[in-house]
Amino acid sequence: MWAESSWVYRVFSSFSVLLMTMDTEFQGAEGDASADVDHHLEMGKRLLAAGQLTEALSHYNMAVDGDKSNYLTYFKRAAVLLALGRSKSALPDLERVIELRPDFLKARSQRANIFLKQGHLDKALNDYNSVLSSNSGDEEAQKMISTIQEVKQNIATAEELFEDGQYQSVIDILGSAVELCPWSVKLREIRAASYQQVGELFKAIQDLRPTTKLVSDNTAGHLKISYLYYAIGEGEDSLKEIRECLKLDQDHKECHKHYKKVKKLVRFFEDATKYMDKNEHNDALFKLKAALKLENKNQKFVVKAKEKMCTCYLKIQNSKEAIKLCTETIELEPQNAYAYCDRAEAYLLEDKLDDALKDYQEAKNINNDLHRAKEGIDRVNKLIKQAKKRDYYKILGVTRSASKAEITKKFRKLASKWHPDRYDGDDKKMAEKKFIDIAAAKEVLTDPEKRAKYDQGEDPLDPDSQQGQGFNPFQHFQDFDDFGGGGFGSFKFHFN
């Protein structure tokens, strides 16, 4: 916004100085006007000096209406219109000035400048030549004539290269031409098509966007931009652009067809996101599968859907499907650090610590500042170290995603087998140790707080930690009795 305001201010300042100079230079022309016209001209001048361009324009409009033969009123209005960025409206006024006063070189220079920006190079060249023929010392006209001739040659070369399919060369050559002729629809469309051919779709959009303002009712321009946004996976922007097409022509068949598809796809993703935010991941999966069914060719949308599905499966602890969807996402988009992190989490659910560590490290290589990857690496390293001491999940033979009910059931089964009073073998001490390990595993894995700490790599029952001192295996022997495991008889436990 500031850049635009600064540009308007610079344009306004230059024209303001010019118009103030002309007030003294063309006193005679104003002196012939009626008193009413004089009043509007005077008010326009004051408002112009105060920077109130819109109000000044209103008075210049009335001045023109009051005296249609005064070339100066047209020129002043054209100057204000240019300062407001309304070059299309200013052009007829400048042409009227030249019609009334053919030798007025300032008007010819301004008209040439507009023609140049619009890409009408021959028209601009004619005006600059007229200025030079009347004033051979005009250095600006000489410079612009030389520049236009060079640009014309560059454009001709670019058109030949475009036909030959040398699109990057077209882009390189047209850079200065588009800068000199920013309102040229033709040049922007050629360069946009070249950007599209080399895969720089966002730059193609940037070139096409001004054409929707430069050409009236440009439904084709809005449709092209919508397709390009869709191609890069920006559904919301594609939908917004296609709506602009339908505003201009609500019966446009191609726009309407594209609108229906994009609207439906965007809604699927929006609904899925809302469900994910509410932790309703099964409902989110339903919407994402519908999105994939609707669009299974556009890689950007396919990746977006699969990545979210991977996250949903992870949240409901379906590690197998999570790994599958994350892998498919990574295959389509190898630099997707978030998919690597999700897959690492899924590997942890299956106790595949080495695979999880590898994925976290890969995510960190892709994005060194990704906090989740750094935390994941630290966590897995702790789990690897922890597993070398005592792995409660392996002791009970359950996965990291096992529920409390599954853990309790497994504890009962193992406790029945290794209870020292029931153990058939001779090595009672071994059975005692097994039973204590089983009891410790149940102690940690059935307590949400302790289990969460254990899953982060911290053993709550580690004797070296403060928390590990409160473990009482006798409690679990009592639990076993409550389950119908039978009494301990005369067996005595010995703890070191």
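User: In this predicted model, which residues is Ala363 in contact with, leaving aside its neighbours within four places in sequence?

Analyst: Let's start with where Ala363 sits: it belongs to the largest nonpolar core and is listed there with residues such as Phe269 and Tyr360 that touch the most other members. Setting aside its neighbours within four places in sequence, the contacts of Ala363 are Ala337, Tyr340, Cys341, Leu370 and Ala373.

User: Is Asp93, which forms a salt bridge with Arg77, buried or exposed?

Analyst: Asp93 is in helix α6 and Arg77 is in helix α5, 16 residues apart. Their closest N and O atoms are 2.7 Å apart. Buried means under 20% relative accessible area, and Asp93 has 5%, so Asp93 counts as buried.

User: Which residue meets Glu159 in a salt bridge?

Analyst: Glu159 is in helix α9, and its partner is 27 residues away in helix α11. At 29% relative accessibility, Glu159 counts as partly exposed. The N to O distance is 2.7 Å, and the partner is Lys186.

User: How many residues apart are Arg379 and Glu345?

Analyst: These two form a salt bridge, with the closest N and O atoms 3.3 Å apart. Arg379 is in helix α22 and Glu345 is in helix α20, which puts the pair at a separation of 34 residues.

Key: Residues are numbered from 1 along each chain as its sequence is written. This is a predicted model: local features need pLDDT of at least 70, side-chain atom pairs count only at pLDDT 80 or more; totals for chains, interfaces and linings use all residues. Side-chain values use heavy atoms; hydrogens and water are left out. A nonpolar core is a set of buried Ala, Val, Leu, Ile, Met, Phe, Trp, Tyr and Cys residues joined through side-chain atoms within 4.5 Å. Buried means under 20% relative accessible area, exposed over 50%, partly exposed in between (1.4 Å probe, protein chains only). Contact means heavy atoms within 4.5 Å. A salt bridge is a side-chain nitrogen of Lys or Arg within 4 Å of a carboxyl oxygen of Asp or Glu. Helices (H or I, at least four residues) and strands (E, at least two) are DSSP runs, numbered from the N terminus.
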